Amino acid sequence: MKIIIERFDGKKKYESTYELRIDEVKGQTLLSLLQYIKRTQDITLNFTAACRMAICGACAVRVNGHSYLACDTKMEELLEEYENPESMRISPLNNFRVITDLVVDWEPSIENLRKVKPTITPKSEFSEKTGCVQTQADVDAIKKQWDCILCGCCASECNKLEADASDYMQPFVFTHAYRAADDSRSKDPMIHLKPAIANGLWNCVHCQECVDRCPKGISSFGDIESLRVMAMKKGLNEGMGPAHAEAFLLDMVEGDGRLNEIKLALRSEGVLANTTKLDIAYNLMKAGKMNPLHIFGGEKIEGHAELVKMVEAARKAEKEGTIK
Amino acid sequence: MSNNKEFAFFPGCVLSQAAKESKMSLEAIAPILGITLHEIPGWSCCGASQAQCVDPIASLVANARNIALGEKMGMPILTTCSTCMLTLTKAKNTLDKGAKDRINTFLAEGNMKYEGNTEITSLLWVLYQNLDTLKAKVVNPLSNLKVALFYGCHSLRPERELTKESSTNPKSFEAVVEALGATIVPFEKRLDCCGFHASYPAGKSVRKMSSQIVGNADSNGADVVVTPCPLCQMQLDIYQERYQDENNSNIRKPIIHLSQLVGLALGLSNKELGLDLNIQDATRLVG
Ligand code: SF4
Ligand code: SF4
Ligand code: FES
């Protein structure tokens, strides 16, 4: 079969195609295949790897446009996933600057990590004498996030980063921000939460690519959701993102039980900004797809009073600390 | 689908207003395919992965209630909205993995109980599981129609929550549309995100994402973009003029619902399928 590798020599992009017998491919990992190609066919091929055991995060690349941790991916599995293709395309991670061949620049990502201060500033009550202890439950709450090996697989496929990285950080940065913010030993979650908000917390497009690409089973999207919940609880609710999210909750519980499209638009971006979309609203009304009378509210769903009772009971239990 | 298949139908908020043609076309194709839909009485908004960022416990309770209402009907729950499907499925997974008893203490306030014995499925998935029946009902094979298939994120991802098929190399949509006889064009953006969920806070990025999807479908020669998700349809259709202008593109493309494409192959009219309600003209797809 053909293995096509996207190359870059610092100035120009090109491709190299390597012909391999299927028995040379099967039984390898993606990383050992790259090493095999380098050893037997092309000494000039550049890629990074260190641990070969899925803990250093250095070896991530893309195959057919999806990111994989090379040392942790069996070629047999890839052949199965892509139904024994005649060729496979290996490329560097997306959304990173390429230095050479499959090697990418991590410096801007490390800068982003610095912004969210992913280390812990301990609470003042801790001392050298008493230590800095936490309960097992506290550890469990952030255990998964500690598994992040900074491989960049999540960032490679992030749809928001691809559209515009100027107002958004890599998904794993939010994971690290949440890990620090939710650490029971941490002095103040705000140290991590505020820069996360300032660097795009509400701009995630919910594509969930980060969840499916992470070789460690981490959900950066879930961590983004958790950071948002934390922000709302702390009253950091300025902006269109929080207003938009809150509008759904209001309609579901305080409203009629279902989404009110007219109120949603007005609540999300305010009356003034909304006047710029009047043409779209007009088209929708003309097609009977938006009811202008809904500005006064709609009909309550059957059983809405019970729904409110259930939600109130849950909120009360949460407040009293009977649930987390 | 050969024998009558009955479902507890969860339309979701979008089907009653901005995507009402999705509901119309679904209700038009269902009887032909032997599907009976019973709308779940009193269903509420699922929170659309938004309310979850403000009050996760309220959202979980509301969805436990939604599923419990469907369970009472003794049928699998079907929705055409991928975000509803993902949100309900995520809630079900959370309940089944240990939250059930705790959440049931709150549902008891309204004399309800979540049991955990109902499947949640989508139109795409039901069609995929019944390809032979679907094929047998096609009276108007759409071979002259070149279609770009846009899955939409929440039809596939996260794979570990939905557990239906590979999100890296999925097949269900292609198989369904092949059964309808339509010509599928290559489409590099088919697994991308339309950006709908961030269209307010990250508007500029989202308009660029949507524009690239429509542009990519066009450069591959598609006559039309089809999607199983009503929110993707809405994002790509309703705002198309706006984002194409902003991105200096004069490409305009009809964007239709999966249920509308199925309806065309089943020989239904534009009117029955609500194709005259799509914002980008979709009334001339079959002659
Ligand atoms: S869900 Fe958000 S963070 Fe994750 S890949 Fe998509 S846009 Fe990026
Ligand atoms: S969150 Fe997962 S995919 Fe992202 S950098 Fe960390 S380990 Fe890699
Ligand atoms: S080489 Fe270290 S993670 Fe692959």
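Helix axes here are lines fitted to C-alpha atoms over the stretch in contact, and angles run from 0 to 180 degrees between N-to-C directions. Helices (H or I, at least four residues) and strands (E, at least two) are DSSP runs, numbered from the N terminus. This is a predicted model, in which local features need pLDDT of at least 70 and side-chain atom pairs count only at pLDDT 80 or more, while totals for chains, interfaces and linings use all residues. Residues are numbered from 1 along each chain as its sequence is written, chains are lettered from A and ligands numbered from 1 in the order in which they are written, and side-chain values use heavy atoms, with hydrogens and water left out.

In chain A, helix α8 (residues 171–181) packs on helix α11 (residues 220–233) at an angle of about 50 degrees, and their axes are 8 Å apart. This angle makes α8(A) oblique to α11(A); angles under 35 degrees count as roughly parallel, over 145 as roughly antiparallel, 65 to 115 as roughly perpendicular and the rest as oblique. The crossing of α8(A) and α11(A) is left-handed, that is, the near helix is turned anticlockwise from the far one by less than a right angle (clockwise for right-handed). Helix α8(A) also packs with α4(A), at about 25 degrees and with the axes 9 Å apart. That makes α4(A) roughly parallel to α8(A), and their crossing is right-handed.

## Ligand surroundings

Both ligand shells are made of chain A residues, where a residue is near a molecule if one of its heavy atoms lies within 4 Å of it. Around ligand 1 are A:Cys158, A:Lys160, A:Tyr168, A:Pro171, A:Cys204, A:Val205, A:His206, A:Cys207, A:Gln208, A:Cys210, A:Phe221 and A:Ile224. By class this shell has 9 nonpolar, 2 polar and 1 charged residues. Ala, Val, Leu, Ile, Met, Phe, Trp, Tyr, Cys and Pro count as nonpolar, Asp, Glu, Lys and Arg as charged, and the others, Gly among them, as polar.

The shell of ligand 2 divides into 9 nonpolar, 2 polar and no charged residues. Its members include A:Cys148, A:Cys151, A:Cys153, A:Cys154 and A:Cys214, together with A:Leu150, A:Phe172 and A:Ser220.

## Loops of chain A

A:Leu150 lies in the loop between α5 and α6 (153–157) and has a positive phi of about 50 degrees although it is not a glycine. Its relative accessibility is 26%, which counts as partly exposed; buried means under 20% relative accessible area, exposed over 50%, and partly exposed in between (1.4 Å probe, protein chains only). A:Lys117, in the loop between α4 (107–115) and α5 (136–146), likewise has a positive phi, near 45 degrees, and is partly exposed at 45%.

A:Gly255 sits in the loop between α12 (240–254) and α13 (261–274) and is buried, at 17%. A:Gly255 and A:Gly298 are 43 residues apart in sequence, with a C-alpha to C-alpha separation of 8.6 Å.

## Chain B

In helix α2 (residues 20–29) of chain B, the buried residues are B:Glu21, B:Ser22, B:Ser25, B:Leu26, B:Ala28 and B:Ile29. Seen down the axis of α2(B), they fall within an arc of 160 degrees, so they line one face of the helix; the arc is that of the directions from the helix axis to the C-beta atoms. In helix α12 (residues 258–265) of chain B, 8 of the 8 residues are buried, so this helix is largely enclosed by the rest of the structure. B:Gly267, with a positive phi near 85 degrees, follows α12(B).

A cis peptide bond, with omega about -5 degrees, joins B:Arg157 and B:Pro158. B:Pro158 is in the loop between β5 (146–149) and α7 (159–162).
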